[in-house]
Structures are given as structure tokens and as C-alpha cells.
Amino acid sequence: ERLALSKLTGLPRTVACPGYDPAAHGSGIVHIGVGAFHRAHQAVYTDSALARKGGDWRIDGISLRSTDIADALNPQDGLYTLIIRGEEGISARVVGSIRRVIAAAREPDAALAALAAPETRIASMTVTEKAYGIDRARGAVDTGHPAIAADLANPRAPAGVIGMLVEGLRLRRERGLAPYTVLCCDNLPDNGSLVRAGVLNFARRVDPALAGWIENNVAFPATMVDRITPAATEATLAEAERLTGFADLAAIETEPFTQWVIEDHFTAGRPAWEADGAIFVEDVAPYEAMKLRMLNGTHSMLAYAGFLSAHKYVRDVMADAALARLVRRYMQAAAATLSPLPGIDFTDYANALAKRFANPAIAHETYQIAMDGTEKLPQRILGAASHALENGQDIRPFAFAVAAWMRYALGRTDDGAPYTLRDPREEVIRGALAGANDAGDIARALFALPGVFPERLTGDERWTSLVTEILATMLHKGMAGAVKEEAERQS
Ligand code: NAD
């Protein structure tokens with residue numbers, strides 16, 4: 001039997017239920033990208049806000065590409081089980097904040113209708129870094145990005161996230177409706193300004209008057225989001241059924257820790273997310289930098305070095321003494337690149353992170369974190385590396401992380417087993433590496449990839465030669481050997 005609203009009264013007492021009647025609340029949010037993270041984060045804060053403060057703030061989801069999540073959630077009236085795994089054990093909660101999910105590929109008109117509905121006051125999204133197609137340096141859309149190109153050619157029938165946000169705003173303006181606040185919840189630095197730049201530039205290309213209206217009327221608050229949420233597996237779904245007694249095809253598991261820092265700039269109101277601990281601030285940037293550099297940067301480093309050391313999960317990496325030392329060293333170097341943040345002790349933050357990474361109950365695959373490296377490296381690692389280089393700080397941990405990514409980019413393990421990189425630039429990387437034989441060739445080819453490495457790194461001989469030297473060690477001694485040698489350097 002599937003989980004559904006009519007089954008809520010039949011749940012065991014051990015499972016927390018929505019503290020409100022979901023059907024009695026209307027929607028106020030359209031969320032694009034109802035992936036693992038949205039279900040463990042924003043939808044949960046909204047669920048708590050509905051329980052404590054009420055309001056018509058349920059979520060209509062839009063899935064741009066797959067229809068799976070719509071087919072999983074809609075027959076369950078949008079309900080799903082959130083499994084929280086901590087040191088103290090496991091708990092389950094049924095979340096009621098999602099009203100329905102529209103599969104845009106199947107029902108494009110319904111997706112636009114939701115964005116243009118009078119009750120919609122917030123359009124939020126978690127669609128992964130690569131989905132946007134915004135060139136940060138130019139503050140413009142990348143016309144070579146497939147979704148941007150398709151939507152510029154056909155702006156009234158958008159298939160990508162920027163095109164959809166702009167068409168939704170166009171319809172609202174045409175109908176005399178107030179705009180929605182655009183709330184990006186992807187791991188991108190200054191995500192509010194970035195998405196604003198992309199939306200404005202796209203709008204200018206299709207309708208300059210609309211662009212002016214957006215510029216003057218639409219808020220794009222920045223956010224910092226944090227909760228480690230692996231992709232659900234068959235085991236997740238089985239665990240949900242065991243805990244609740246109902247089949248649930250949208251169940252998700254996550255850690256106890258959760259954090260959301262948001263700029264409080266909402267032109268049409270917002271749910272009382274602070275009821276569940278969201279922090280509203282003037283400027284998210286310093287929190288964002290801390291999280292991207294210390295959590296995400298370390299995550300990427302340990303994903304490449306760990307995956308190639310045959311560690312399937314992050315917790316296995318943390319159980320490897322040499323790698324765990326490199327994790328500590330990386331966090332310390334990343335912390336040194338940050339400006340002080342009132343009320344935050346970076347050492348405490350690093351200790352908490354190490355504990356979260358080691359959580360034996362969370363099965364977070366290194367291969368999942370390794371995905372989309374060329375999209376992630378700039379904000380996670382390269383900014384911190386540039387800062388360290390300019391300020392005479394330790395660059396070696398960053399050079400090691402980049403060398404590990406370069407080693408990963410070769411697409412085969414030390415035993416010669418091939419794997420796909422799962423990176424939007426996979427083909428370009430393959431082409432660039434054709435004929436590259438040694439560490440020098442490989443590093444040169446990858447440093448030259450367009451739009452990944454900043455000039456201040458590739459133009460610095462100390463940086464390029466250090467990365468090349470570490471990569472050579474990885475090639476000669478294997479990743480596990482290189483990790484061991486690197487960890488011994490510090491003792
Ligand atoms: P996921 O794979 O479960 O979901 C990603 C969602 O984005 C899906 O709805 C998918 O259809 C959509 N999507 C992917 N590529 C797209 C594209 N090219 N165009 C349009 N839509 C696309 O991933 P997730 O775990 O939910 O993570 C999503 C994002 O959330 C991350 O990329 C990151 O920015 C942020 N985030 C995740 C975590 C985490 O631990 N999972 C933590 C913090 C932040």
C-alpha cells in the first residue's frame with residue numbers, strides 16, 4: 001500500500017506526521033528540481049513552518065527533465081518519508097509540504113501556469129550547478145549551453161530553468177500580477193546575484209521591456225544551504241516501508257544536521273522558515289564562502305582522492321587514517337582563506353564537519369560527489385587556492401586537490417578499470433587529453449580547458465609546477481601511495 005493523505009492516521013506513533021492538515025493549505029511556492037536535496041531541506045523547513053505558523057505556502061514542484069519524481073510523489077498526494085540517520089539512531093518523519101509535482105516535459109503548460117498563478121509568491125530551485133548556463137565572468141547567459149540556446153530560440157516554450165523563470169515572469173507582468181521572488185538554493189557562490197544576472201541577460205535578449213520590469217521589481221535573495229543528502233537507493237525505500245508500514249517511492253535519507261542562511265529580501269512574503277531554525281541575514285556571502293570552501297571544497301578533494309583509493313563512501317574515506325589527515329589539513333588551509341565571521345569558530349566548524357563526514361549511518365558515495373567537477377572546482381577550490389597564493393598562505397592542500405581531480409579526469413582507476421566522469425565537459429576533457437602522456441602534458445591540457453581555471457592560477461609557475469609534481473606522484477605511486485606520502489609530509 002502506498003503512502004497517501006488518507007493513510008496518515010494509520011502511521012505508527014514512532015513516525016512524526018505533518019502537524020497540520022496539508023489539504024487545508026494552498027500553494028505559495030513553485031520549486032524547480034524536486035531532487036534529493038529539496039526533499040531533505042527546503043521542503044522540510046516549509047513543513048515545519050506550516051505546522052508552526054500556517055499559511056498558504058505549500059509547494060508545487062516542477063521537474064524539468066525526468067518524470068520519475070512526479071510519478072513517485074503524485075500518487076502519494078505529495079507525501080514522502082524523511083529518514084534521519086544520526087549517531088543516536090534512526091528516525092522517520094512524513095513531510096506534507098509538497099502539494100504535487102508537474103513533469104514539465106509531459107505538461108509544459110501546467111509548469112508555466114503554476115509559475116504564473118496569482119498565489120505563487122516564490123519560485124525556488126535546486127537543479128544542480130550545470131543546469132543554469134550562466135557565464136559568471138560576463139554576467140550573461142552562455143548561448144552555447146543547450147537549454148539556453150533552445151529557450152532563446154523558443155522563449156514562449158522554455159525547457160530550461162532560466163527560460164522558465166523568465167517566461168513565468170513575462171506571463172505575470174502581462175497579467176498584471178506581482179512577480180515572484182526567485183530563490184536559488186544551489187551550491188553556487190552569490191547564487192542570488194548570479195541567477196539575477198542570468199535572468200536579466202536572458203530577458204534583455206527576448207524582451208527588453210520585460211528585463212527593465214524584472215530589474216526594478218524582482219528580488220533574488222542569496223542563500224547558503226547545508227544538509228548532506230545522498231541519492232536514495234533501494235535500501236532507502238525499503239527502510240521507509242519498514243519504518244512507516246507504507247510503500248514510498250520518494251523516500252529520502254539524510255543526516256541530523258541542517259542549515260539554511262537566507263537574505264531576507266522577499267517582495268511577496270515568505271513562510272516562517274525561522275520556525276525551524278533558518279537564519280535570516282543581511283549578507284550571506286561570508287557564510288557561503290565558509291561552507292563552499294570548508295565543506296564542499298573538502299568534499300571534492302576527498303571524493304577524487306577517495307574514489308581512486310577504492311573508497312566507495314565518504315565514511316570509508318574518514319576511516320582511512322592518511323586520508324582523514326589530508327581532510328583535516330585541507331579544512332585548515334581553507335579556513336585560513338576566510339575573513340572572520342562573528343559568532344563562528346572555524347576550528348569548531350571543521351571539527352563538526354569531520355564528524356558529519358565520518359557519520360557511519362550515512363552512505364554518501366564519493367563517485368556522486370565527484371560528478372560535475374569542472375562546474376564545482378571554481379567555487380569550491382580554485383577561489384580559495386587563488387586567495388592562498390596571493391596571500392602567501394599554504395597552497396599545497398589545494399594543489400593536491402586539483403591534482404586528484406586531474407588524475408580522476410583520466411577516467412580509469414589505478415587498476416585500469418574505466419569509469420565515466422559524469423561531467424558536462426566530459427567530451428572536451430577526453431579530447432584535450434588525447435595524446436597527453438605524462439603529468440606535464442595532462443596538467444597543461446586541463447589547465448587550458450576554457451572557463452575552468454582562473455588566469456591567476458594558470459599564470460603562476462609555482463602553482464602549475466606543484467600541481468604537476470603531485471600529479472606525477474599519483475601516476476607513479478598510485479592514488480593510495482600518493483595519499484600516504486602526502487599525509488607523511490605533515491608529520
Ligand atoms: P538530484 O540529482 O537528486 O536532483 C537534481 C535535480 O535537478 C533533479 O530534479 C534534476 O532533474 C534536476 N536537474 C539536474 N540536471 C539538470 C539540468 N541540466 N537541467 C535541469 N534540471 C536538472 O541532486 P540533489 O542531491 O537534489 O542536489 C541538487 C543540488 O542541490 C546540488 O547540485 C547542489 O547545488 C544542491 N545541494 C545538494 C546537497 C546534497 O547533499 N545533496 C547539499 C547542498 C546543496
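## A quick tour: the ligand, then a helix pair

Start with the ligand and its shell: by class, the residues around it are eight nonpolar, six polar and six charged (Ala, Val, Leu, Ile, Met, Phe, Trp, Tyr, Cys and Pro count as nonpolar, Asp, Glu, Lys and Arg as charged, and the others, Gly among them, as polar). Before you click on, know that this is a predicted model, where local features need pLDDT of at least 70 and side-chain atom pairs count only at pLDDT 80 or more, while totals for chains, interfaces and linings use all residues. Residues are numbered from 1 along each chain as its sequence is written, and side-chain values use heavy atoms, with hydrogens and water left out.

Now select R65: a polar atom of its side chain sits 3.1 Å from a ligand nitrogen. Hop to N187, where a polar backbone atom is 2.9 Å from a ligand oxygen. At T229, too, a polar backbone atom lies 2.9 Å from an oxygen of the ligand.

Next, select residues 321-336, helix α12, and residues 346-358, helix α13. Their axes (lines fitted to C-alpha atoms over the stretch in contact) come within 10 Å and cross at roughly 145 degrees. To see the contact (heavy atoms within 4.5 Å), show V327, R328, M331 and A335 on α12, then F346, A350, N351, L353, A354 and F357 on α13. That contact has eight nonpolar, one polar and one charged residues.

Terms used. A polar contact is a pair of N or O atoms within 3.5 Å; within protein, one must be able to donate a hydrogen and the other to accept it, and residues adjacent in sequence count only if both atoms are side-chain atoms. Axes are lines fitted to C-alpha atoms, for helices over the stretch in contact, and angles run from 0 to 180 degrees between N-to-C directions. Helices (H or I, at least four residues) and strands (E, at least two) are DSSP runs, numbered from the N terminus.
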